[in-house]
Amino acid sequence: MAIARDFTAPYSVLESYLYDAIIAPAVMRLGDETIAGTLVGEVAQGASVLEVGCGGGQLAVEARRRRPDLRWTGVDLSAEQIARARRRVGPDPRCELLVGSALDLLKTVATVQQIVANSGSDESAAQQVIDIE
């Protein structure tokens with residue numbers, strides 16, 4: 001009997017912690033140049049970026065370090081991950097981190113020029129920056 005998981009549901013508290021403590025740091029270390037370099041490098045100068053599934057904010061921190069010209073909005077379904085991301089990013093008026101669905105957010109945000117979706121895959125990194133202007 002197959003067990004189906006709703007992939008649109010937020011992580012549980014345990015899943016959120018394990019993702020933030022183990023998976024996200026490993027992905028950022030293994031694919032640092034692909035994720036931070038290629039994805040962020042593809043983004044236009046001064047763009048407003050929406051990061052879908054921002055998790056604990058690892059990419060937001062690295063992107064803002066490399067590209068302080070960007071306005072960054074991270075969205076995640078997990079309140080625990082957003083709390084971690086806010087602690088990790090610290091006060092930054094050009095970085096907003098929100099609990100919720102990216103689909104709902106896109107209905108209300110008119111200023112996002114590009115969307116970044118980070119899966120950590122080397123082959124598809126450049127394809128994961130989506131221009132919406």
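This is a predicted model: local features need pLDDT of at least 70, side-chain atom pairs count only at pLDDT 80 or more; totals for chains, interfaces and linings use all residues.

Residues are numbered from 1 along each chain as its sequence is written, and side-chain values use heavy atoms, with hydrogens and water left out.

**The whole chain**

You can find five helices and five strands here; helices (H or I, at least four residues) and strands (E, at least two) are DSSP runs, numbered from the N terminus. Along the sequence, the pattern reads α-α-β-α-β-α-β-α-β-β. The chain has 133 residues, and 41% of them count as buried. Buried means under 20% relative accessible area, exposed over 50%, and partly exposed in between (1.4 Å probe, protein chains only). Among contacts (heavy atoms within 4.5 Å) with a separation of 6 or more, 60% are between residues 24 or more positions apart.

**The core**

A nonpolar core is a set of buried Ala, Val, Leu, Ile, Met, Phe, Trp, Tyr and Cys residues joined through side-chain atoms within 4.5 Å. The largest one has 17 residues, and V49, L70, W72, L97 and V116 touch the most other members. Two or more residues each come from α2 (32-41), α3 (58-66), α4 (79-89) and β3 (95-99). A second, separate core has five residues, including V75, A102, L105 and I115. In soluble globular proteins, nonpolar side chains tend to be buried together.

**Who touches whom**

| Residue | Residues in contact |
|---|---|
| L97 | C54, G74, I82, A85, R86 and V89 |
| D69 | A44, Q45, G46, R64 and R94 |
| A60 | E51, W72, V89 and C95 |

**Two residues up close**

Where does D69 sit? D69 lies in the loop between α3 and β2 (71-76). Because its relative accessible area is 18%, D69 counts as buried. Its side chain and that of Q45 are joined by a polar contact of 3.5 Å. A polar contact is a pair of N or O atoms within 3.5 Å; within protein, one must be able to donate a hydrogen and the other to accept it, and residues adjacent in sequence count only if both atoms are side-chain atoms.

A60 belongs to helix α3. Its relative accessibility is 0%, so A60 is buried. V49 is eleven residues away from A60 along the chain, and their C-alpha atoms are 10.0 Å apart.

Note on methods: Lists of a residue's contacts leave out its neighbours within four places in sequence.
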